[in-house]
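User: I have this model open and would like to go through it with you. Where shall we begin?

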Amino acid sequence: WWNDKRGKAVVSTQSTGIRDELQESFDSGVTLPFEYRMGQLKKCAAMIKAMEQEYFDAMKKDLGKHPAETNGSDLKFAESDLGYAMKHLKSWMADQYVKTDLVNKLDHAYQHPEPKGTVLIIGTWNYPIQCAFCPLIGAICAGDCAVIKLSEVSPTSSEVMKKYFDLYLDPLCYRTIEGGIPTSTALLKIRWDHIFFTGSVSVGRIVARAAAEFLTPVTLELGGKCPVIVDETTNVDTAAKRIAWGKSVNAGQTCIAPDYVYCHKKLYSGFLERYRAHIKDMYGEDPEKSEDFARIVNERHFNRLKNLLDQGTIEIGGTTNEETRFISPTVISSPVAGSELMTDEIFGPILPVLQYEDLATVIKELRTKEKPLVTYLFSNNAKHIDLVKKKVSCGTLDVNDTLMHMMVPTLPFGGVGNSGMGAYHGKATFEQFSHAKSVLHRPIGMESVNSLRYPPYDAEWKQNLMFSLAYYKPSAPTSGFTKYAVSSTFALGAFAYAYAWPGSSGQ
């Protein structure tokens, strides 16, 4: 039992169920005021500060990550998202007015963002805070209640998160749950007002099927194979460095990590040479001895990745250590077509590299594959950039860098097709957890103006005026004065017809 200043108590989950408890809190309207939402966001900020060191230690144990990498790619990322939300929450909550045409000139038309209700957030293990906390920020901003399912794959990190989430957040409205597949399965049998899932494509399909049972809207942040194109116009040294970094962060266990590279034939040998040099610069002669290079999360994923190493020619790396779950940064040339290396998301530090001569051929091949979460293009050719932008469908196009699009809070992040649905970060997260309710507020008076819409329609003046209004195009006039003049003319005409013609309600 917990008690808060409102004098309420959290009922045991064994009696009515977590979802029912949170729904009761939501129905009470406690999450609606701006002050409540901002208060919870401030508690989130305090929570991040308080849990920092324990979280660093947990990520070191689960994934072998250096605290600086955990801080920059996970904690600080979430902190930045939180700060942006706190700065803009009031404007996000405000009604958004829309333009009206002549028929509705006297009305107020706007969209009112209302919370969806009680939502489920299913986090993942590779960036535990980022993938659970950032969606939660949006749910809090929107005024929802939320259940956060933490990943069992990174147990130490999940334990730390649960400890601090439960300590800082209002338990009447926000709950964390740990557990494996049976727990997730049980949660998906419950009706939610929105489900936000981050994870693999295969599990994403399971979530989507479960949500369809209740017509529950979903946000699916999935993955897939993110291609990289290195054309002949780019700086090959810089390209190799940025790709090597993007592939090596978290030992490649990132949904937006470069998955494979199309390198122009002219730059191929130089790319391999510079990639090898930059790996050495970042992680030393022996990356296994580097404190900066992470480890594979568990034995199952380690064995899966190790089996990929013989599906092409190893050019760089290829060393492994089963005891420590270490796989070195690896580049593979001549990958076997149709192999798991080239069909499944790699999710590790292994990078296949293919040569090409004609960009059009690469684009044609990419269009036959599933749509990726991100496409990376390294080019100084404006025509090439424009061609890839228009011809390759993907969640995000990142030009001349890797991963960094995630650092722009005003740039929504999400997939398309097989890589997911829905986008988040910044205001987009708020919008995922809100329903934009359309509102039309019309004055109750001046009923004579509306007389032309009521039967009978036999009066010729009604038919003529209705025809004119139906074919009025408010976008046709270009200047503000012209629009005003046309609108005024029609409005005056409506009044004249309503009040002056025999038989009208204005007589």
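Predicted model: local features only at pLDDT ≥ 70, side-chain atom pairs only at ≥ 80, totals over all residues.

**Pocket, sheets, cores and cavities**

Analyst: Let us begin with the lining of the largest pocket: helix 7 (181–188), strand 6 (194–198), helix 8 (201–212), helix 11 (299–306) and helix 12 (340–343) each supply at least two residues to it. Helices (H or I, at least four residues) and strands (E, at least two) are DSSP runs numbered from the N terminus. A pocket is an open set of points on a 1 Å grid over the protein atoms alone, with protein on both sides within 12 Å along at least five of seven lines; a cavity is a set where a 1.4 Å probe fits but cannot get out, and lining residues have an atom within 4 Å of a point.

User: Fine. Which element gives the largest share of that pocket lining?

Analyst: Helix 8 does, with six residues. The lining of the largest pocket has 48 residues, and those nearest the centre are Gly 199, Ser 200, Val 201, Ser 202 and Val 203.

User: How do the lining residues of the largest pocket divide?

Analyst: There are 21 nonpolar, 15 polar and twelve charged residues. Asp, Glu, Lys and Arg count as charged, Ala, Val, Leu, Ile, Met, Phe, Trp, Tyr, Cys and Pro as nonpolar, and the others as polar.

User: On to the sheets. In what order do the six strands of the open sheet lie?

Analyst: The order is 5-4-3-6-7-18, with mixed pairing; two strands pair if DSSP finds at least two bridges between them. Strand 5 (174–177) and strand 18 (420–421) are the edges: each has a single partner strand, so one side of each lacks a neighbour in the sheet.

User: How many bridges join strand 3 to strand 4?

Analyst: Five; strand 3 (residues 118–122) and strand 4 (residues 145–149) run parallel. Across that pair, Ile 121 stands opposite Ile 148.

User: And strand 15: how many of its residues are buried?

Analyst: In strand 15 (residues 374–378), five of five residues are buried, meaning under 20% relative accessible area (1.4 Å probe, protein chains only), with exposed over 50% and partly exposed in between.

User: Which strands are joined to strand 15?

Analyst: Strand 8 (residues 226–230) runs parallel to strand 15 and is joined to it by three bridges, while four bridges link strand 15 to strand 16 (residues 396–399), again in parallel. Tyr 376 is the bridge partner of Val 228, and its own partner in strand 16 is Asp 398.

User: Which members of the largest nonpolar core touch the most others?

Analyst: Ile 129, Phe 133, Val 230, Phe 271 and Tyr 275, out of 118 residues. Helix 3 (residues 34–63) gives the most to this core, twelve residues. A second, separate core of twelve residues includes Met 342, Leu 359, Leu 366 and Val 388. A nonpolar core is a set of buried Ala, Val, Leu, Ile, Met, Phe, Trp, Tyr and Cys residues joined through side-chain atoms within 4.5 Å.

User: Lastly, which residues line the second largest cavity?

Analyst: Asp 81, Ala 85, Trp 92, Cys 134, Ile 137, Gly 138, Gly 426 and Thr 429. Helix 4 (67–93) and helix 5 (128–142) are the elements giving two or more residues to that lining.

Notes:
Residues numbered from 1 in each chain as written. Heavy atoms only, no water.
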